[in-house]
Amino acid sequence: MATKTVVVGSSKGGTGKSTTSLQFSIGLAREGARVWHVDGDRQQTSVTAITLRAESGRPTIAASAYADGRTLRTQVLQQRDAYDYVVIDAGGRDSSALRAALTVCDAVAIPCLPRTFDVWAMQDMMQLVDEARAVRELTAYAFLNAADAGGADNRDAAAALAEFPQVELLPFRLGRRKAFANACGAGLHVEEMPRRDLIACAEIDRLTAAIFGL
Ligand SMILES: Nc1ncnc2c1ncn2[C@@H]1O[C@H](COP(=O)(O)OP(=O)(O)OP(=O)(O)O)[C@@H](O)[C@H]1O
Ligand SMILES: [Mg+2]
């Protein structure tokens with residue numbers, strides 16, 4: 001199987017890139033895939049979580065951090081053939097790592113909170129996707145993260161996101177659930193938590209399958 005490289009990115013901070021990319025990487029590794037988690041964030045949030053995982057005695061996942069875009073690009077191109085999946089946490093904002101990652105990936109998955117400012121920020125991200133598409137074919141998915149349990153905001157945000165022709169809005173969303181935050185804080189998948197949140201498990205499984213083509 002050819003390596004599939006997926007960037008979890010957005011030009012807005014705090015949308016759940018580290019949270020969702022970690023759940024993707026650990027989930028795929030649990031299925032037996034060879035996964036490489038690449039952290040493009042200066043804060044190295046996701047590599048820190050994977051280090052905690054290793055300390056807890058769970059099977060480790062290959063993880064590297066490259067905050068500089070040029071290094072990230074070179075390393076991904078050099079090393080990715082050893083893996084089935086490369087998952088890149090592109091870090092916050094419009095970083096050089098995000099731009100570089102978009103030029104080496106097969107797909108970008110864009111988490112978006114169901115909030116007006118976050119939907120506005122998609123415009124910016126679409127520009128980056130368009131620029132990347134000038135040099136490489138690239139699938140773009142958007143999904144709602146930390147969706148509300150009720151109210152009209154999820155629906156309104158989804159309707160606004162569906163207006164962007166460059167991106168496929170996935171019909172699978174992640175709810176705002178403590179299970180995601182707690183699992184990531186321990187370097188675990190929601191399936192590995194002592195008290196499993198079954199809805200969180202089902203949500204992340206469906207989303208992972210849709211993005212990684214399982
Ligand atoms: N689905 C969710 N349910 C509950 N909490 C969530 C969810 N997604 C993210 N969070 C929480 O929201 C905060 C931001 O998430 P995260 O750090 O993953 O975002 P990020 O996009 O990586 O941020 P940055 O741009 O700073 O890198 C964290 O506290 C995280 O635990
Ligand atoms: Mg992050």
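In this predicted model, helix α1, which covers residues 17–30, packs against helix α2, residues 45–55, at an angle of about 40 degrees, and their axes lie 9 Å apart. Because angles under 35 degrees count as roughly parallel and those from 65 to 115 as roughly perpendicular, this angle makes α1 oblique to α2. The crossing of the two helices, α1 and α2, is right-handed.

| Helix | Residues in the contact |
|---|---|
| α1 | S18, L22 and I26 |
| α2 | T45, S46, A49, I50 and R53 |

Sorted by class, this contact of α1 with α2 holds four nonpolar residues, three polar ones and one charged one.

In soluble globular proteins, nonpolar side chains tend to be buried together. The largest nonpolar core here has 35 residues, and the members that touch the most others are I88, L102, V108, M122 and M125. Several elements give two or more residues to this core, including the strands β2 (35–39), β4 (85–89) and β5 (107–112) and the helices α3 (69–79) and α4 (96–102), while α5 supplies the largest share, seven residues.

Leaving aside residues up to four places away in sequence, I88 touches T5, V6, V7, V8, V38, L72, V76, A101 and V104.

Key:
Residues numbered from 1 in each chain as written. Chains lettered and ligands numbered in written order. Predicted model: local features only at pLDDT ≥ 70, side-chain atom pairs only at ≥ 80, totals over all residues. Heavy atoms only, no water. Axes fitted to C-alpha atoms, helices over the stretch in contact; angles between N-to-C directions. Helix = DSSP H or I, 4+ residues; strand = E, 2+ residues; numbered from the N terminus. Parallel < 35°, antiparallel > 145°, perpendicular 65-115°, else oblique. Left-handed = near helix turned anticlockwise from the far one by under 90°. Contact = heavy atoms within 4.5 Å. Nonpolar A, V, L, I, M, F, W, Y, C, P; charged D, E, K, R; others polar. Core = buried A, V, L, I, M, F, W, Y, C linked by side-chain atoms within 4.5 Å. Buried < 20%, exposed > 50% of the residue type's maximum accessible area, 1.4 Å probe, protein only.
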